[in-house]
Amino acid sequence: MKLALFGATGRVGGEILKRALADGHHVKALVRSEKLETHPNLEIILGDIRNAEDIEKTIAETTVVFSAVGTDRTTTLSEAAPLIVKSMESHHIKRVITIGTAGILDSRLSPGLLRYEGGDSKRKLTFAAEEHEAVYRLFEKTELEWTIVCPTYLPDGEVRGNYRAEKDLLPEEGKEITVGDTAEFAYHQLESTEFVQRRVGLAY
């Protein structure tokens with residue numbers, strides 16, 4: 001496969017990149033600076049994810065899009081998402097897998113609301129969840145085959161396995177999941193249609 005990857009220098013994106021290259025896939029990664037090690041199957045594109053031309057260069061001639069872009073207290077995510085969708089549609093690419101946040105899963109406490117709105121999350125700051133919700137609402141209006149992987153608290157760590165995944169909800173009493181397991185699960189969505197057009201909550 002040929003994958004477009006956004007967020008390749010981040011914690012989860014870097015793990016997805018390693019897995020894709022190890023499995024022999026070709027990856028086009030859009031990065032702001034030369035932080036990635038070169039690899040025969042890796043095409044590094046220097047640019048800005050908020051720039052339509054740079055997104056176009058990254059997505060052209062690929063078959064699947066991965067986004068592991070964080071919010072980092074900026075509106076980068078909500079600015080980039082419409083550009084990614086537009087480019088995917090123009091290239092007739094259907095599959096997109098993104099890393100979201102547990103805040104945009106459905107609330108168990110307040111039906112009809114998301115976790116960050118319904119009191120499920122203890123986080124006081126909602127900016128990141130609002131950014132991820134903007135992406136979710138955008139995807140909902142498309143015919144893309146999207147999956148938003150929504151980990152709860154995300155410490156660094158290797159693959160442990162034995163995690164739980166649930167459609168649209170955070171598994172009950174779920175407290176955390178490592179970066180390694182989050183990347184592993186997201187990467188496996190390449191081969192799975194179980195969570196197409198769904199958010200999926202991840203936790204141990």
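Two strands are taken to pair if DSSP finds at least two bridges between them, the strands themselves (E, at least two residues) and the helices (H or I, at least four) being DSSP runs numbered from the N terminus. The structure examined here is a predicted model, in which local features need pLDDT of at least 70, side-chain atom pairs count only at pLDDT 80 or more, and totals for chains, interfaces and linings use all residues. Residues are numbered from 1 along each chain as its sequence is written, and side-chain values use heavy atoms, with hydrogens and water left out.

Of the 7 residues of E6, 6 are buried, where buried means under 20% relative accessible area, exposed over 50% and partly exposed in between (1.4 Å probe, protein chains only).

A nonpolar core is a set of buried Ala, Val, Leu, Ile, Met, Phe, Trp, Tyr and Cys residues joined through side-chain atoms within 4.5 Å. The largest such core has 32 residues, and those with the most contacts inside it are Phe6, Ile49, Ile59, Val65, Ile84 and Met88. At least two residues each come from strand E1 (2-6), helix H2 (52-59), helix H3 (76-90), helix H5 (127-140) and strand E6 (145-151), with H3 giving the most, 6 residues. A second, separate core holds 30 residues, including Leu17, Val31, Phe66 and Ile99.

On a 1 Å grid over the protein atoms alone, a cavity is a set of points where a 1.4 Å probe fits but cannot get out, and lining residues have an atom within 4 Å of a point; grid points are joined across faces, edges and corners, and a volume is the space filled by probe spheres set on the points. About 130 Å³ of space lies in the largest cavity. Its lining has 16 residues, the closest to the centre being Ser67, Leu77, Thr98, Val135 and Phe139. E4, H3, E5 and H5 each give two or more residues to this lining, and H3 gives the most, with 4.

Serine 67 belongs to strand E4 (residues 64-67) and counts as buried because its relative accessibility is 9%. Not counting residues up to four places away in sequence, serine 67 touches Phe6, Ile97, Thr98 and Ile99.

Two further buried residues complete the picture. Aspartate 168 is found in the loop between strand E7 (164-167) and helix H6 (179-188) and, at 11% relative accessibility, counts as buried. Beyond residues up to four places away in sequence, aspartate 168 touches Leu105, Asp106, Arg198, Arg199 and Val200. Valine 179 is in helix H6 and counts as buried at 5% relative accessibility. Valine 179 and alanine 8 are 171 residues apart in sequence and 13 Å apart in space, C-alpha to C-alpha.

How values were computed: Contact means heavy atoms within 4.5 Å. On a 1 Å grid over the protein atoms alone, a cavity is a set of points where a 1.4 Å probe fits but cannot get out, and a pocket is an open set with protein on both sides within 12 Å along at least five of seven lines; lining residues have an atom within 4 Å of a point.
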